[in-house]
Amino acid sequence: MIKEIIAVIRTGKWPETLAKLEEAGVIGFSRQRVYGRGKQRGLRYSSDMEDQRGISFLPKWMVTMVVEDSKVDAVVEVLLKSNHTGEIGDGKIFICSVSDSVRIRTNESEEYAIN
Amino acid sequence: MIKEIIAVIRTGKWPETLAKLEEAGVIGFSRQRVYGRGKQRGLRYSSDMEDQRGISFLPKWMVTMVVEDSKVDAVVEVLLKSNHTGEIGDGKIFICSVSDSVRIRTNESEEYAIN
Amino acid sequence: MIKEIIAVIRTGKWPETLAKLEEAGVIGFSRQRVYGRGKQRGLRYSSDMEDQRGISFLPKWMVTMVVEDSKVDAVVEVLLKSNHTGEIGDGKIFICSVSDSVRIRTNESEEYAIN
């Protein structure tokens, strides 16, 4: 079985996170910019995005990986170590079940698609 | 247990949606621009994106929240009220199960990560 | 029951994929740009994005659809046919369960929201 791991992290933590994920053997993932408001609720100002009510959003990277069940704990550990500062805004990790996965090149499915 | 709620809404409905979600106690979410074609199938024209076959895509906001099971119904109600116009293109809401969730700052998991 | 199908594909394969998905009756989906590294690991260079460690990322389209269970196999088949080249970098398909779905305009839920 496979799982999707979604990490919302500080943009500045990306280089270290990438290096550590590589060391852990995660070679396939996607990354996109998202804007979230966690518990900080506008305490910090983001110059590149502000909604009409004057509340600021913090840009973050959302990094998505799909890994085998057996690797989930190790990957979460890597994400925690690379992104923990103890300050509000460290981000969150979500883990979701993936029913199936197919590699388009080879038509391999399930775990074979991601190894 | 926790759920991920994904709402694809009209961009113009965002300020009201944000205000109402705040009132409902949802303080953490992400927002990204997506392009979708629902039943309107190119009836309306989007100047900032058109694929090579001349079919237009409508830019929408995709708003993602993670909430406890007990809050799902209230949040869906807020999303419906803030975004319903009765016209084609009002958008959709999807609800997915999240297996686990970790707050990076504190290592809290499950419901504790999102409160 | 309904499923979310997420396809990460080459940007150049989008027009054909769109045409074939339309033929297969998939009229609602979203599309966003993502950057992923699969097995090619920096073998190819992406001019518009490079992280601080000099590893390149390949821009891809991430196309997300929500379809009824009964259509999943046909849609996966379309995605495979439209995107298979046999070369590394063809992309991947992920299938996830969706617990529920609501069409905002009509308050229809489950399968009725996506037909």
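1. In helix α1 of chain C (residues 14-23), the buried residues are C:Trp14, C:Pro15, C:Thr17, C:Leu18, C:Ala19, C:Leu21 and C:Glu22. That is seven of the helix's 10 residues, leaving α1(C) mostly covered. "Buried" here is under 20% relative accessible area, with exposed over 50% and partly exposed in between (1.4 Å probe, protein chains only). Helices (H or I, at least four residues) and strands (E, at least two) are DSSP runs, numbered from the N terminus. Just past α1(C), C:Gly25 has a positive phi of about 90°.

2. Before going on, some ground rules: this is a predicted model, where local features need pLDDT of at least 70 and side-chain atom pairs count only at pLDDT 80 or more, while totals for chains, interfaces and linings use all residues. Residues are numbered from 1 along each chain as its sequence is written, chains are lettered from A and ligands numbered from 1 in the order in which they are written, and side-chain values use heavy atoms, leaving out hydrogens and water.

3. Now for what α1(C) packs on. Its axis and that of helix α2 of chain C (residues 72-83) come within 9 Å and cross at roughly 150°. That makes the two helices roughly antiparallel, and their crossing is right-handed. Axes are lines fitted to C-alpha atoms, for helices over the stretch in contact, and angles run from 0 to 180 degrees between N-to-C directions. Angles under 35 degrees count as roughly parallel, over 145 as roughly antiparallel, 65 to 115 as roughly perpendicular and the rest as oblique. A crossing is right-handed if the near helix is turned clockwise from the far one by less than a right angle, left-handed if anticlockwise.

4. Which residues do the touching? From α1(C), C:Glu16, C:Thr17, C:Lys20 and C:Leu21 meet a set in α2(C) that includes C:Val75, C:Val78 and C:Leu79. Contact means heavy atoms within 4.5 Å.

5. Over in chain A, helix α1 (residues 14-23) packs with α2(A) at an angle of about 150°, the axes being 9 Å apart. The pair is therefore roughly antiparallel, with a right-handed crossing. On the α1(A) side are A:Glu16, A:Thr17, A:Lys20 and A:Leu21; among their partners in α2(A) are A:Lys81, A:Ser82 and A:Asn83.

6. Chain A has two helices and five strands, in the order β-α-β-β-α-β-β along the sequence. Of its 115 residues, 57% are buried. Among chain A contacts between residues at least 6 apart in sequence, 71% join residues at least 24 apart.

7. Strand β4 of chain A (residues 92-98) is worth a look. Five of its seven residues are buried, so the strand is largely enclosed by the rest of the structure. β4(A) pairs antiparallel with strand β1 of chain A (residues 2-10) over seven bridges, where A:Ile2 is partnered by A:Val98. Strands count as paired if DSSP finds at least two bridges between them.

8. On confidence, chain A averages a pLDDT (the predictor's confidence in each residue, from 0 to 100) of 80, and 75% of residues score at least 70. Residues 42-54 of chain A are below 50, though this stretch has 26 contacts in the model beyond near neighbours in sequence. Where pLDDT is low, the predicted coordinates should not be read in detail. For the complex, the predictor gives an ipTM of 0.76 and a pTM of 0.76.
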